[in-house]
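Have a look at the model first, then read on.

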Amino acid sequence: MTIKEAVENMVVDKYTTYIIGFNGNDETELSAYNIDDLEELWCSLCEEFGCAKDSIDYIEIVDGITT
């Protein structure tokens with residue numbers, strides 16, 4: 001699934017850290033200010049990770065820090 005599909009029921013309006021599971025057994029941790037920022041960051045890393053933009057298995061929120 002894509003970032004937008006994975007966070008469909010999440011409300012995020014502050015700087016937040018996410019754990020993103022992808023490709024069935026890979027995982028990474030990314031921090032972003034909002035969903036659009038997270039999507040842009042994820043898309044910029046897909047080539048490096050060797051995965052498609054829609055290869056997300058799950059997203060978990062680690063923390064939220066208001067800045």
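Is Phe49 buried, partly exposed or exposed? At 26% relative accessibility, Phe49 counts as partly exposed (buried is under 20% relative accessible area, exposed over 50%, partly exposed in between, with a 1.4 Å probe and protein chains only). Keep in mind that this is a predicted model, where local features need pLDDT of at least 70, side-chain atom pairs count only at pLDDT 80 or more, and totals for chains, interfaces and linings use all residues. Residues are numbered from 1 along each chain as its sequence is written, and side-chain values use heavy atoms, leaving out hydrogens and water.

**Aromatic pairs**
- The whole structure has four aromatic pairs (ring centres within 6.5 Å, using the six-membered ring for Trp; planes under 30 degrees apart are stacked, over 60 edge-to-face, the rest tilted).
- Phe22 and Trp42 are edge-to-face, because their ring centres sit 5.2 Å apart with the planes at 70°.
- That pair links distant parts of the chain, with Phe22 in strand E1 (residues 15–22) and Trp42 in helix H2, 20 residues apart (helices, H or I, of at least four residues and strands, E, of at least two are DSSP runs, numbered from the N terminus).
- Phe22 is buried at 4% relative accessibility, and Trp42 is buried at 0%.
- Phe22 also stacks with Phe49, at 5.3 Å centre to centre and 25° between the planes.
- Phe22, Trp42 and Phe49 form one aromatic cluster.

**Buried neighbours**
- Thr28, in strand E2 (residues 26–32), is buried at 15% relative accessibility.
- Leaving aside residues up to four places away in sequence, Thr28 touches residues including Phe22, Trp42 and Phe49 (contact means heavy atoms within 4.5 Å).
- Cys46, in helix H2 (residues 35–49), is buried at 4% relative accessibility.
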